[in-house]
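Welcome! Please take a look at the structure below, and then we can walk through it together.

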Amino acid sequence: MKESTPRTAVSILAAPTIWIRPTRGWGFANLRELWRNRELIYFFIWRDVKVRYKQTLLGAGWAILKPSLGMVIFTVVFAGLADLSTDGVPPPVFYFSGLLPWVLFQDGVTKAGNSLVASSNLITKVYFPRMAIPVALVIAGLVDFVLSFVVLLGMVAFYQMPVTPAASLLPLFVGLAILAAMGVGLWLAALNVYYRDVGYVMPFMLQAWLYASPVVYSTTMIPSGIAGVLYGLNPMAGAVQGFRWAVTGVGAPPIEMLLSSLLVGLFLLVSGVLVFRRMERVFADIV
Amino acid sequence: MTDTVIQVEQLGKRYRIGGTPGGYQTLRDSIASLGSRLTRRGPAESGDTIWAVRHISFGVERGEVLGIIGRNGAGKSTLLKLLSRVTEPTEGQARIDGRIGALLEVGTGFHPELTGRENVYLNGAILGMKRAEIDRKFDEIIEFAEVERFVDTPVKRYSSGMYLRLAFGVAAHLEPEILIVDEVLAVGDAEFQRKCLGKMNDVAQEGRTVLFVSHNMSAILRLTERCLVLDRGRIAMQGPTAEAVDFYMTAGDVATGERRWSDEAGTAADSPFRPIALRVIGPRGRIAERVASVEPITVEFEYQLRIEMTGLRVGLYFSTSRGERLFTSFDTDASEDYTHWTTRPAGRYMSRCQIPANLLNGGTFVLGVNASAFRIRSYFTEERALTINVDATGAPGSHWPEPRGGPLRPGLVWEIRGVDDP
């Protein structure tokens, strides 16, 4: 039967062997596989940005408009009507610099959390590391972030604010926001496949989280010591306050708060990856 | 040297059924079932589960084109999903040497807002291609898809034909060592199908392995050397394609002589047409499992209409055991019947026809039935309702004891006469 098949000499050496068998228990992310698929992650990022900018009238304008509108509202309500302290920073800069890492986190969590359900047609048809989708969507938020960061730099220049050594820590705080967004995003993405309630809960959770983070107020209102550590359990506390401090040079976050934010952020990421991996094997069956 | 690229051993996949039809749950369901789950632990829920496939073992050699056939729900798609790693098996294992490219549904991952060019790159990446590879193959893909003029147009403006060709083009040019193709040929026009079959043939000629799932028996016969026949999640048979197709078309639970349909419940609205029985009647008026080709064969189809129907036609599909359709005939094909039976009141009916003597060759044939209103609604279809064994003893030309090729062996009227030289 086989004699009739014309065969060409194909190198077998290059062919990787794949084993298909049931997996059990917990396992950490197959980071090597994720790395092999880095181009796919890149294409997912590129698709998200491209489609979003193509479909909307203002395109990239929304990246700037979104935190700007938030800034205007906060300036009128909290600085104007409620007369809340902004640590002596001009209110627009105070709110805008607080909103940037927050929007990065909020958009990342929202998009990652809905990503698997939204890509169900892909997940049930083709194999690829599923983690590529939520990871790409969180990173895609950086494009918007960079655009509005340029606006923030303009505002800092306008108010002639000095650049302090704290500015060198900027990447750390942006990284912390990304870390937290990925951790929470992976948790919610996996849970959303099982429980569609997650999609409904997310907006409320994020709204509460916004006020639990120092976006409209400063952590200088929080007593230091054990209260700071407890407050820092919210990883966005460290990220938002730190980012604002790095930009304006005012309101340094206490070190114990920063550390607890960082640790919780790492914990969220590691546990998110574990939960995601654990649930990943049945995504295609139930999504 | 054996060069097995796919080795499947005792592969099985169990799905949970019932309770949550959509698969996912809401928190409310989980909280509600928490109590019962705490009290009875372990895999006691076997009553709610179903094995989509089980005890699947087979091997595929390099360069082989393997067909997978079976009815709907036989487990073909589940098997392909397991092999393409979309879902994990519950038991067993499979070893695969080489990169797999799965073409499960044409255009999966295409984004309507993106242009043809952008979608080729995105789709290629999803299917596992490196960017450099896509660069190299880009012109070829575009040429295959015949969309040169529209590469920078969003695919939402494409015709469905362009869309299909582009999607198939990306997958077919992926150059995986193993290509999995599931029913792509069910969509698209004849030209598209011809093109895809040609491309798949090329892929096989290059020594790559192809797993091909289709309901199109002539495509299976043309492209594959060997087939698996799946039936209710198990391998019912595996062997050379001709034998496998013959087995699929005739064996299993396909009746001979008479086929009766059980009286299943259903409302008049959702199943107004209820099949009762399909029979093959021999010359002496009895149900026959084996008929002679030299005698006329009567086929009768009994059915019930629960409501009055307009424009109904009831007919037969007559196919060879290899799945090739020989002819289709409806009870209102004759114009006087067509005008007389424009409406049929509710009640029991029998549509009967006679297949003339000296038409069929010896062999096994497959009868299917269809009841439909042309371009309005198909009420009932069963492609393989009954098989007929035809004995060609005494057929025209029997004095030469030689096999005659072809499914038909008609007694034609020949005229022989001498012609004078002018």
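Let us begin with one residue: A:Ala180 touches A:Phe105, A:Pro235, A:Met236, A:Ala239, A:Gly265 and A:Leu268, leaving aside residues up to four places away in sequence. Here, two residues are in contact if their C-beta atoms, placed from the backbone, lie within 7 Å. This is a predicted model, in which local features need pLDDT of at least 70 and side-chain atom pairs count only at pLDDT 80 or more, while totals for chains, interfaces and linings use all residues. Residues are numbered from 1 along each chain as its sequence is written, and chains are lettered from A and ligands numbered from 1 in the order in which they are written.

**The nonpolar core**

- A:Ala180 is among the residues with the most contacts inside the largest nonpolar core, together with A:Ala177 and A:Ala181; this core has 174 residues.
- Helix H7 (residues 170–194) of chain A gives the most to the core, with 17 residues.
- Domain 1 (4–22 + 48–250) and domain 2 (255–391) of chain B both contribute residues, so the core lies between them.
- A nonpolar core means a set of buried Ala, Val, Leu, Ile, Met, Phe, Trp, Tyr and Cys residues joined through C-beta atoms within 7 Å.
- A residue is buried if 20 or more other C-beta atoms lie within 10 Å of its own, exposed if 12 or fewer, and partly exposed in between, with C-beta atoms placed from the backbone.
- Helices (H or I, at least four residues) and strands (E, at least two) are DSSP runs, numbered from the N terminus, and the domain bounds come from an automatic or database domain assignment.

**Chain A as a whole**

- Chain A has 12 helices and 1 strand.
- Its C-alpha trace spans about 85 × 45 × 35 Å along the principal axes.
- Of the 287 residues in chain A, 43% are buried.
- Among contacts in chain A with a separation of 6 or more, 83% join residues 24 or more positions apart.

**Where the two chains meet**

- The contact takes 41 residues from chain A and 49 residues from chain B.
- On the side of chain A that touches chain B, strand E1 (17–20), helix H2 (38–55), helix H5 (120–123), H7 and helix H12 (283–286) of chain A each supply at least two residues.
- H2(A) provides the largest share of that side, 8 residues.
- The residues of the side of chain A that touches chain B divide into 22 nonpolar, 7 polar and 12 charged. In this count Ala, Val, Leu, Ile, Met, Phe, Trp, Tyr, Cys and Pro are nonpolar, Asp, Glu, Lys and Arg are charged, and the others, Gly among them, are polar.

- An open sheet of 4 strands runs in the order E1(A)-E4(B)-E1(B)-E2(B), with antiparallel pairing; two strands pair if DSSP finds at least two bridges between them.
- E1 of chain A and E2 of chain B stand at the edges with a single partner strand each, so one side of each is left without a neighbour in the sheet.
- The twist averages 15° from one strand to the next. Axes are lines fitted to C-alpha atoms, for helices over the stretch in contact, and angles run from 0 to 180 degrees between N-to-C directions.
- E1(A) and strand E4 (residues 91–97) of chain B pair in the antiparallel sense over 4 bridges.
- In E4(B), A:Trp19 stands opposite B:Arg95, and A:Ile20 has B:Ala94 as its bridge partner.

**Strand E21 of chain B and its partners**

- Strand E10 (residues 255–256) of chain B pairs with strand E21 (residues 377–391) of chain B in the parallel sense over 2 bridges.
- Strand E13 (residues 290–292) of chain B also pairs with E21(B) in the parallel sense, over 3 bridges.
- Strand E20 (residues 363–373) of chain B pairs with E21(B) in the antiparallel sense over 10 bridges, and B:Val366 has B:Thr387 as its bridge partner there.

**Positive phi angles in chain B**

- Most residues other than glycine have a negative phi.
- B:His55 has a positive phi near 55°; B:His55 is found in strand E2 (residues 49–61) of chain B.
- B:Glu146 also has a positive phi near 55°, and B:Glu146 lies in the loop between helix H4 (131–145) and helix H5 (160–172) of chain B.
- B:Arg375, in the hairpin of E20(B) and E21(B) with 3 residues between the strands, takes a positive phi near 60°.
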